[in-house]
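Reader: I would like to go through this structure feature by feature. Please give the general idea each time, then the case at hand.

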Amino acid sequence: MSILDSLLEKKTILPILDTYRFRGDQTAIIAPSSLMTLVDLLMSEGFHFLVDITAVDWLDKSENPARFEVVYHWLNLDSQERLRVKVRLQDGESLPSLAIRFKTADWYEREVYDMFGISFEGHPNLTRLLTWSDFPGHPLRKDFPLDGGDPFCMSDSTTPFTH
Amino acid sequence: MLWAKVPLIGKNKMPDLNLNDAVVTTRLDSIVNWARKNSLWPMPFGTACCAIEFMSVMASKYDMSRFGAEAMRFSPRQSDMMLVLGTVTNKMAPILRTIYAQMAEPKWVISVGVCASSGGMYRTYATLQGIDRIIPVDVYVPGCPPRPESMIYGVMKLQEKIEKESLGMRKDHVRRFYESLDLQEKIQSEKNLTGQQAIQHMLRQAAHDKVATIF
């Protein structure tokens, strides 16, 4: 039985918004409130390796109810089974940090915070990872000007970023 | 041997001598610059694919040693021609300034490739849009990456430039940069900023003053 099937069986304790499979990939979409329940379930199922955390900004995409999707990838080292989890959240919402459970989540969450401005509650050191500390804005947000509001670039091509 | 031929005419009189080719009269600028242009000591500041192309420039096929730029040094203290080869990010900016400051005078900079010259295709928040905003550049070599011939042509252009410049002009040129470096350090210590933040601050100020560079 695949991990997605066993998650769907436990729907009473873990509300899943949507699932889909694509060429062997398994994806579950959940709400922010059920993330920690899911992590507990995954740990008991043997998914001990958090491969990646990243995010997607769906600005102005009306088919998506929430602006951001934070994407987690887990790997079961015994069965080599993988699971992708997408957590939908609005601008300004925060997620519980997984940095205490998974060491690797520490820098991934800092990166997501740096690039998208999504904060993680309970993170030991939620500071910018890649850009400098007084960097204006979060560069991977779709409304961030591509050149960062560079004062030397032409003003008509991008809107200057106001800090 | 020479002295034996000198006729003794009087204490203060110059001897009337025909030295033929033994003496050349010239200006100080041109003799010093002639020496400088033919003994450039390159230092690669390689950050991207231009540095890979530069390897073949220095290797036997294109062989930059034919132009006197033979002894490549990886220490700024031992070099006087910096080749900035590749994309320079905003975070790299203070390092580039420090390395340029550490180079032996007189010093020249060749900006190789579009990334170093103008940010190139990387018009993003992370990339410095041209190193000439933070350090003085003498020659720009276009290309992505430029062919080895272009880089050699760039060095030849620099040689032409060195030939023409006066010694005092070069000094003023570098002094302006040192003043901006002092200002950067002042901003860093006064506002408790990192070098990178101080440079961003200076760039914003320069843009406000409608100046293209921070030095």
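**Charge pairs, a helix and an interface**

Author: Between chain A and chain B the count is 0 salt bridges, a salt bridge being a side-chain nitrogen of Lys or Arg within 4 Å of a carboxyl oxygen of Asp or Glu. This is a predicted model, in which local features need pLDDT of at least 70, side-chain atom pairs count only at pLDDT 80 or more, and totals for chains, interfaces and linings use all residues. Residues are numbered from 1 along each chain as its sequence is written, chains are lettered from A and ligands numbered from 1 in the order in which they are written, and side-chain values use heavy atoms, with hydrogens and water left out.

Reader: What is the mean pLDDT of chain A?

Author: pLDDT is the predictor's confidence in each residue, from 0 to 100. For chain A the mean is 85, and 89% of the residues reach 70 or more. Residues 154-163 of chain A fall below 50, and beyond near neighbours in sequence this stretch has 14 contacts in the model; contact means heavy atoms within 4.5 Å.

Reader: How many residues does each chain bring to the contact between chain A and chain B?

Author: Chain A gives 20 residues and chain B gives 15 residues. The two chains bury about 1,400 Å² between them, 59% of it on carbon and sulfur atoms; buried area is the accessible area (1.4 Å probe) that two parts lose on being put together, summed over both.

Reader: How many salt bridges are there over all chains?

Author: Side chains of opposite charge can pair when their charged atoms come close. The count over all chains is 17 salt bridges. In one of them, Lys10(A) pairs with Glu45(A), with the closest N and O atoms 3.1 Å apart. Lys10(A) lies in the loop between helix 1 (3-9) and strand 1 (16-22) of chain A and Glu45(A) in helix 2 (residues 35-45) of chain A, so this pair ties together parts 35 residues apart in sequence. Helices (H or I, at least four residues) and strands (E, at least two) are DSSP runs, numbered from the N terminus.

Reader: Is Lys10(A) buried or partly exposed?

Author: Buried means under 20% relative accessible area, exposed over 50%, and partly exposed in between (1.4 Å probe, protein chains only). Lys10(A) is partly exposed at 28%, and Glu45(A) is partly exposed at 30%.

Reader: Which side chain meets Arg84(A) in a salt bridge?

Author: The partner is Asp25(A), at 3.2 Å from N to O. Arg84(A) is in strand 5 (residues 82-89) and Asp25(A) in strand 2 (residues 25-30) of chain A, so the pair ties together parts 59 residues apart in sequence.

Reader: Which residue pairs with Asp143(A)?

Author: Asp143(A) forms a salt bridge with Arg67(A) (3.4 Å, N to O). Asp143(A) is partly exposed at 45% relative accessibility, whereas Arg67(A) is buried at 12%. Salt bridges that share partners join Asp57(A), Arg67(A), Asp91(A), Arg141(A) and Asp143(A) into one network.

Reader: Which residues of helix 3 of chain A are buried?

Author: An α-helix has 3.6 residues a turn, so residues three or four places apart point the same way. In helix 3 of chain A, the buried residues include Ala105(A), Glu109(A), Val112(A) and Phe116(A). Among the elements that cover the buried residues of this helix are strand 3, strand 4 and strand 7 of chain A. Just after helix 3 of chain A, Gly117(A) has a positive phi of about 75°.
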